[in-house]
Amino acid sequence: GEATALRLGGEGAEFVVTGNEVGISEAVVSGIQSYGGTATFVRVDLGHIEDIRALAEESVNAHGPIDVVVNNAAIQSEPTVREAKTDQWQEVFNLNYRAYWLLIRILLDHLSSGASIVNISSNPAHHTNPGEFPYNAIKAGVQGMTRAMALDRAPLGVWVNSVASDWILLERTKRALFEEDLWYLGLSIRSGDSVGPRMLQP
């Protein structure tokens, strides 16, 4: 998400950055500004419907018609099918899936002509990893939702696409990976080596 924001900021985009971690989000805002873009931060929890409404309202009031929406909110989950709890399922579903749909539904009448919606999926949508339920199932669902949205909005000239990247080489990714994970991913690294070719740079 940050890399996308910085790239578009360098092209002069005006942003509303959202999240519930102030320090991280404000750092993204500063980065966008340093690249020549403009940005404001709206603190919300996208797992809550009223927060989504507030985000949409503040965005439209500040910028008018919206040209681009990037749905990138997500939390990771790592239980097995047996271990997953219903409250955990609901938390992941609300943030990683329901929020994408609700934000777009609220913004439908405020999208500019030719607007673009980008729903961020992930590699488990295609190459499901063990012990990531229901995250892996819901990321596959994001791609199905994207196709449905694309068909629905195409007659109105709104583009809807999904991006499902492979692993991205971040510090938290490196900290989270163990040798057994790399075996599942088809990767091999030695101490001090950079991660293999399927790992993308941010």
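Visitor: How many residues does the chain have, and what share of them count as buried?
Guide: In this predicted model, 38% of the 202 residues count as buried. The cut-off for buried is under 20% relative accessible area.

Visitor: What makes Arg153 count as buried or exposed?
Guide: Its relative accessibility is 16%. Buried means under 20%. Arg153 therefore counts as buried.

Visitor: And what is Asp152 called?
Guide: Partly exposed. Asp152 has 47% relative accessibility. That class lies between the 20% and 50% cut-offs, so Asp152 belongs there.

Visitor: Why is the contact of Asp152 with Arg153 called a salt bridge?
Guide: Look at the closest N and O atoms, which are 2.8 Å apart. The rule asks for a Lys or Arg side-chain nitrogen within 4 Å of an Asp or Glu carboxyl oxygen. Asp152 and Arg153 therefore form a salt bridge. Side chains of opposite charge can pair when their charged atoms come close.

Visitor: How many salt bridges does this rule give?
Guide: The count comes to 3. One of them joins Arg7 to Glu11, with the closest N and O atoms 3.4 Å apart. Both of these residues are exposed.

Visitor: How do you know that Glu50 forms a salt bridge with Arg53?
Guide: The closest N and O atoms are 3.7 Å apart. The limit is 4 Å, so the pair qualifies. Glu50 and Arg53 both lie in helix 3, residues 49-63. They are 3 residues apart, about one turn of the helix.

Visitor: Now the fold. How many helices and strands are in the chain?
Guide: There are 7 helices and 5 strands. Along the sequence they follow the pattern α-β-α-β-α-β-α-β-α-β-α-α.

Visitor: Which strands make up the open sheet, and in what order?
Guide: The order is 3-4-5, with parallel pairing. Strand 3 (66-71) and strand 5 (159-163) are the edge strands.

Visitor: What makes strand 3 and strand 5 edge strands?
Guide: Each pairs on one side only. Neighbouring strands of this sheet are turned by 15° against each other on average, direction ignored.

Visitor: How do you know that strand 3 pairs with strand 4?
Guide: Pairing takes at least two bridges. Here 5 bridges join strand 3 to strand 4, residues 111-120, so they pair. The two strands run parallel. Val68 stands opposite Ser116 in strand 4. Asn71 has Asn119 of strand 4 as its bridge partner.

Visitor: What hand does the β-α-β crossover from strand 3 to strand 4 have?
Guide: Right-handed. The chain goes from strand 3 through helix 4 to strand 4.

Visitor: Where does helix 4 pack?
Guide: Helix 4, residues 86-107, packs on the sheet and touches strand 3 and strand 4. Its direction makes about 170° with that of strand 3. Helix 5, residues 135-153, also packs on the sheet. Helix 5 touches strand 4 and strand 5, and its direction makes about 165° with that of strand 5.

Definitions and conventions:
Residues numbered from 1 in each chain as written. Predicted model: local features only at pLDDT ≥ 70, side-chain atom pairs only at ≥ 80, totals over all residues. Heavy atoms only, no water. Helix = DSSP H or I, 4+ residues; strand = E, 2+ residues; numbered from the N terminus. Axes fitted to C-alpha atoms, helices over the stretch in contact; angles between N-to-C directions. Contact = heavy atoms within 4.5 Å. Right-handed = clockwise from strand over helix to strand, strands pointing away. Buried < 20%, exposed > 50% of the residue type's maximum accessible area, 1.4 Å probe, protein only.
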